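Colleague: I would like to learn how to read a few features here. Please take them in turn.

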Amino acid sequence: MNKSKVTTLLLIVSSLFFVTYDAEGCTSAIIGADANPYGRPLLWKHRDTSKANNKVEYVAPLKGEYGYVALFNAEDKYLREAWIGMNDVGFAIMNTASYNIKDDKVSASKMDKEGVVMAKALKTCKTVDDFAKLLGSLPRPMGVEANFGVIDASGNGAYFETNNHSFKRFDLKDAKDHVIVRTNYSHSGRPNEGFGFVREASACHLLAPYVKDKSVTPEVFTEEISRSFYHDMKGRDYSNGPDRWVVDQDFIPRSSSTATVVIEGCRPVEDLSKIKPGDLKEEYIMWTGIGYPPCSEIRAVRCSADGVDRDLRGVLPGGHSSLCDQANKMKGEVFPIKKGNGNKYIDMQKLYNEDNSGFVQRLKAVNKEIYRKERLRRDGSH
């Protein structure tokens, strides 16, 4: 093979490598309690992964551990890797993959341990500081390159931009407006490397009016941002434009999106030593849209053995959940073209149309009622 052919082959392989990496991306945010009208901090993750099927399960505590609920891959039979979750003392965690802070030659086979780290954190951590201690104690290399986002029952929150040997902490209390957004690069990492720059800008743009009014609720994320086709670089929202066929590029919801989840914490507690397992099970809600987010129906998850709706659990063959299967079936209609590069084209009329019968339009009405009922259950008439 001549030199030019070798170069071409390497470029093709390289491009495939980065496409695969970008498919593992996510968009996320931490919102301080003072930016939420209910006085509760929020932890949001819009998940992107090559694992199309998700489930939610409760993990009962073993001796000396905390019980927790989390999002898992469908095939994770033994619930070893948590991808966003909360435990029974008010600690919650999620992550986004990062692609600009790995500074070593640790092989790929020894990486991707983020889910394992998060499962361990949910079993053992009560506070943001506990998680910092956990990261400091893990054997090196840790097998991670990620932005971990965490909150606790005191209202504290932080991102930990973490590689195999170290981490950089960004506390929520120090952030402008007490809001932090992260996608698939670390702000402490190498400049101009990584992914998700447009998605991060889009999320900040969409959040801005709610941050200004201190009205950031879980619905803002699950019903607006995770179903929005606003593109910040183009300054355009493709959900209300004239085009039926839209190229799936740099939107927050992408063909690789598999869940939108917001953990809504409690009003900040001054003395965490008084919090015992189970005290917060009616206060914390993990608002979960499973499967392709524009087609997902929301459920309220609580941290208890009976706190996970059966439709979210992996009770079907292969660990599938019925709501995930439902959303993925609808996704097949949104991406109907199978030949050539057809899977890159969104049929926007399936999601939004003039007679308000699009998937997003119908589901927003359903989810609004779910939010109303669950808030009434938690807050009563107030």
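Colleague: Is Lys173 buried or exposed?

Modeller: A caveat precedes that: this is a predicted model, where local features need pLDDT of at least 70, side-chain atom pairs count only at pLDDT 80 or more, and totals for chains, interfaces and linings use all residues. Residues are numbered from 1 along each chain as its sequence is written, and side-chain values use heavy atoms, with hydrogens and water left out. Now the general idea: buried means under 20% relative accessible area, exposed over 50%, and partly exposed in between (1.4 Å probe, protein chains only). Lys173 has 59% relative accessibility, so it counts as exposed.

Colleague: Which residue forms a salt bridge with Lys173?

Modeller: The rule asks for a side-chain nitrogen of Lys or Arg within 4 Å of a carboxyl oxygen of Asp or Glu. Asp174 is the partner of Lys173, with the closest N and O atoms 3.5 Å apart. Asp174 is exposed because its relative accessibility is 58%. The count by this rule is 28 salt bridges.

Colleague: What about Glu282?

Modeller: Glu282 forms a salt bridge with Arg377, the closest N and O atoms being 3.5 Å apart. This pair also links distant parts of the chain: Glu282 is in the loop between β14 and β15 (285–290), Arg377 in helix α7, 95 residues apart. Glu282 counts as partly exposed because its relative accessibility is 35%. Shared partners join salt bridges of Arg40, Glu264, Glu283, Arg378 and Asp379 into one network.

Colleague: How many bridges join β8 to β9?

Modeller: Two strands pair if DSSP finds at least two bridges between them. Here β8 (residues 157–162) and β9 (residues 167–171) run antiparallel, joined by five bridges. Thr162 has Phe167 in β9 as its bridge partner. Four residues lie between β8 and β9 in this hairpin.

Colleague: Where is Thr49 found?

Modeller: Thr49 lies in the loop between β2 (42–48) and β3 (54–59). Its relative accessibility is 6%, so Thr49 counts as buried.

Methods: Helices (H or I, at least four residues) and strands (E, at least two) are DSSP runs, numbered from the N terminus.
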